[in-house]
Amino acid sequence: MTHSLSVLAGESCREHESQQRCGVVDLGSNSVRLVVFEGRSRNPVAVFNEKAVLGLGRGLTTTGMLNEDAVEQAVTVLSRYRTIARAMGADPMEVLATAAVRDAQNGPAFVSRLERMLPGMPIHILAGQEEGRLSADGVLLGFPGADGILGDLGGGSLELVELSGGHSGEVASLPLGAIRLADRADNDTARARALAEADLATVPFLAHGAGRDLYLVGGAWRALARMHMAQTAYPLSIVHHYVLRREEARDLASVVTAATRRTLERMPGAPAKRVQDLPFAAVVLRRLLRATGARRVVFSANGLREGWYARLLPAAQRALDPLPEAARELADRFGRDRHMPQALAAWTAPIFGDEEPASAAMREAACALSDTGSHDHPDYRAEQAFWRVLRQPGVGLDHHTRAFLALATALRYEAEADAPFLTTARVLLDTAAVRRAEALGSALRLAYTLSGGTTALLAGTSLTRSDGRLTLRLTEGTGVFAGESVLRRLETLAAALGAQASVVVG
């Protein structure tokens, strides 16, 4: 009885830790947003995300003051956010104020007013360098090996950070936010180009970006990405890890810069609330491409808020590889046996013996995800698992990885090869990756047919591949046997591997 109670207490403690919440408000020049994160995992999970577009910094260049109408709205919105965060049990909860508040003459008075009206809600006015480093921490959470230049474009400022091998370096903050640049240029994009070029020329480390990646953070730049996705009928509506070649990004920026407001409003994917800012965001992107010489653009949904969250994590946890962590988290939530992923990884290894380390990591992640449809309706299990894996919140998964894992998982549940929902994954993968996912999905299907999803039965089986032959070995007396369904799935796997199938019992 004591042992049972201690186990329950341990499980209760882990559940409490997983439900632990924290909240951060990003009080920016254009918008204010509350995000509530649940848990303290390597891959942050936002369970609440609400934004209000206020334009707090609009007109700041001319008046030196925060927009008075926006100030009154901000007080109302922040009062709501404070109530929501408390009701959700978010602790800690903090407000991060950026360029508009730190640069406005009435910024300190505005913060003092908020502190009087909303006691117990910490408000931190970020310096430009501090804002840049927080954004870098957020990007590195999603791109652990990031190498190039980070640009975080807000309404009031542009933060620039050099990233080298997963570490942040020099930081600069420039008055090139989309709203401020429009104000400085009197809404003239030609003048904006000259201003952006002159400001960027004061940052020597931008030249280190030649031939490397340019990581883009910020709502206006994410809007440009969504527009490009809509125009090209891109199959996955996830901006995070969306990649454009240098030429594609330059052409997109040129089109948006030259477009009239009416034209922009008609463009697929253009957000109505950001239309007036898009040409100036595009101007900064075009000038930044020229200043850095970057080979491609990589969009990040991670930034300031995720950087704040990252600093709540122990250093050792932040250093973990996000791919296996994301797979483990889903497996723990939806799988039946926490020991099965490791057993499957060992069981499938012999038939993929020539794989590179990156391929091995993908295979092991697929093994972890292979039981995540176990609680779904059997008629929809393959499709439900496919979408769950494809759209999971793992911040370190690029689109190729998502597609590969989703396809392998769906085929593990014996999805029809020509099922329409699989098209999303197939479009994102090359032929070799599709074939590997098909083979891995077939191997996992065979493993579950043999074992019933238990490590005890799987231990009585093994697969080897040699000289064009795939051999399934079964140990007598362990509860496994080569029935019709086993033989059929073995043949399917052998065909996917280009091998001949055989069974040995002993």
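The legends below describe close-up views of cavities in a predicted model. Residues are numbered from 1 along each chain as its sequence is written. In this predicted model, local features need pLDDT of at least 70 and side-chain atom pairs count only at pLDDT 80 or more, while totals for chains, interfaces and linings use all residues.

**View 1. Cavities in the structure.** The structure holds 3 cavities of 30 Å³ or more. A cavity is a set of points, on a 1 Å grid over the protein atoms alone, where a 1.4 Å probe fits but cannot get out, and its lining residues have an atom within 4 Å of a point. Grid points are joined across faces, edges and corners, and a volume is the space filled by probe spheres set on the points.

**View 2. The largest cavity and its centre.** This cavity has a volume of about 410 Å³. Of its 32 lining residues, Asp26, Leu153, Gly154, Gly218 and Gly219 lie nearest the centre. The largest cavity lies between domain 1 (22-126) and domain 2 (129-306), because both give residues to its lining; the domain bounds come from an automatic or database domain assignment.

**View 3. The second largest cavity.** About 60 Å³ of space lies here. The lining includes Asn43, Val45, Gln392, Pro393 and Gly394. Helix 15 (residues 322-334) gives the most to this lining, with 4 residues; helices here are DSSP runs (H or I, at least four residues), numbered from the N terminus.

Key: Heavy atoms only, no water. 1 Å grid on protein atoms, 1.4 Å probe; cavity = no way out; pocket = protein on both sides within 12 Å on 5 of 7 lines; lining within 4 Å. Helix = DSSP H or I, 4+ residues; strand = E, 2+ residues; numbered from the N terminus.
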